[in-house]
Amino acid sequence: MTTLRVATAPVPTAVPRAPGLGTLVPGQVRKPGRPHLAVGRDAAWLRLWTTVLGLSFLAGRPLPSPPPAVRAAALYQPRRTDRLTGSLAERFAAERGAALRGCYPPGALARALTSTGRRLLDDRPAPPHAGQVWVIPQLRWAHEAARVGWESGSARPDDLAPPLDFAIAGLPDWPGILAGQRLDLLERHPVSLTVPANRALAVTALYGADGKTAFRGTLAADLALIFPAAFLSSRTDNPVCPVYEPKPEILVEAMRLMDVPPDSLIEAFR
């Protein structure tokens, strides 16, 4: 699925030092009612994998395989890994609750993520994709609109429109429909992202209630724990407070270790 792109300013994210026990990873500030999460490289891998797993449900993407560090943690500390996976799934769903409640209870997504995550960790059979039921209408719209050139300027109105990947209630379709016709129908549809309220729901579903800036900061902090600092690039020349972001190859490598297309995370840093 083509992820919704949202223009935002670059995120200043300092490289975190190795945290001690009982501390939080930078970018993951504890909020009232939220438990402290474990820290360290293995815990960062688990957070990253659970996030990509959640996004795969919400965007109709292939499910990520547990990376080696997460498999090892599940083998040697199965109960602790199960507990953390459940907590992370609940947090992921709760942060997106405002966008999900119109379609299904956030708790249902949390339970599905936890169950699927445990099946993957136990190396039990799991479907390659989650069902379409988890993709909210606004994200279905974003995917189908991107395929016919919305926002990219690549639309060729007289080309045949590709077959729909997602069902969108109330969207007419017929054999031989042209890309321009599909785009015109999409732009007039009630869930169109040309409507600010719909765009806000799509952004919340992808990035959580705190928005893309916080989402990017959390990812950058975890990636800095997972990979050596040599994989980070400075975005400023300020020696007192440099700003770091992961190099593109670090994102590609992270996705390779989870056996999914790399654009899931690359998009988040654009």
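## Order of elements

Read from the N terminus, the elements of the chain follow the order α-α-α-α-α-α-α-α-α-β-β-α-α, and in this predicted model they amount to 11 helices and two strands. Of the 270 residues in the chain, 48% count as buried, and among the contacts between residues at least 6 apart in sequence, 65% join residues at least 24 apart.

## Confidence

The mean pLDDT of the chain is 82, with 77% of the residues scoring at least 70. Confidence is highest in helix H4 (residues 97-100), where the mean is 97, and lowest in strand E1 (residues 232-234), where the mean is 63. Over residues 1-36 the pLDDT is below 50, although this stretch has 78 contacts in the model beyond near neighbours in sequence. Where pLDDT is low, the predicted coordinates should not be read in detail.

## The nonpolar core

The largest nonpolar core holds 68 residues, of which Trp45, Leu48, Phe57, Leu109, Trp134, Leu139 and Met258 touch the most other members. Helix H1 (residues 41-59) gives the most to this core, contributing 10 residues. In soluble globular proteins, nonpolar side chains tend to be buried together.

Leucine 48 illustrates the contacts of one such member: leaving out residues up to four places away in sequence, leucine 48 touches Leu219, Leu223, Ile226, Ala254, Met258 and Leu265.

## Helix H8 and its surroundings

Helix H8 (residues 196-207) consists of 12 residues and reaches 16 Å from its first C-alpha to its last, close to the 16 Å expected at 1.5 Å a residue. Its buried residues are Asn198, Ala202, Val203, Thr204, Ala205, Leu206 and Tyr207, and what covers them includes H1, helix H3 (78-95), H4, helix H6 (137-147) and helix H9 (211-226). Just after H8, glycine 208 takes a positive phi of about 90°.

## Two loop residues

Histidine 189 is found in the loop between helix H7 (179-187) and H8. Its relative accessible area is 9%, under the 20% limit, and histidine 189 is therefore counted as buried. Apart from residues up to four places away in sequence, histidine 189 touches Trp141, Ile168, Ala169, Gly170 and Leu171.

Aspartate 159, in the loop between H6 and H7, has a relative accessible area of 34%; because this value falls between 20% and 50%, aspartate 159 is classed as partly exposed. Leaving aside neighbours within four places in sequence, aspartate 159 is in contact with Leu178 and Ala179. Aspartate 159 and glycine 180, which are 21 residues apart in sequence, lie 7.8 Å apart in space, C-alpha to C-alpha.

## Aromatic arrangements

A search of the whole structure finds five aromatic pairs. In one of them, the rings of tryptophan 141 and tryptophan 150 have centres 4.7 Å apart and planes at 85°, so the pair is edge-to-face; both tryptophan 141 and tryptophan 150 are buried. Tryptophan 141 is also one of the residues touched by histidine 189.

Elsewhere, ring pairs link Phe57, Tyr104 and Trp134 into a cluster, and Phe57 and Trp134 are also among the residues that touch the most other members of the largest nonpolar core. A charged side chain is involved in a further arrangement, in which arginine 96 lies over the face of phenylalanine 92, at 3.8 Å from the ring centre.

Definitions and conventions. Residues are numbered from 1 along each chain as its sequence is written. This is a predicted model: local features need pLDDT of at least 70, side-chain atom pairs count only at pLDDT 80 or more; totals for chains, interfaces and linings use all residues. Side-chain values use heavy atoms; hydrogens and water are left out. pLDDT is the predictor's confidence in each residue, from 0 to 100. Helices (H or I, at least four residues) and strands (E, at least two) are DSSP runs, numbered from the N terminus. Contact means heavy atoms within 4.5 Å. A nonpolar core is a set of buried Ala, Val, Leu, Ile, Met, Phe, Trp, Tyr and Cys residues joined through side-chain atoms within 4.5 Å. Buried means under 20% relative accessible area, exposed over 50%, partly exposed in between (1.4 Å probe, protein chains only). The expected span of a helix is 1.5 Å times one less than its number of residues. Rings of Phe, Tyr and Trp (its six-membered ring) pair if their centres lie within 6.5 Å; planes under 30 degrees apart count as stacked, over 60 as edge-to-face and the rest as tilted. A charge sits over a ring if NZ of Lys or CZ of Arg is within 6 Å of the ring centre and within 35 degrees of the ring normal.
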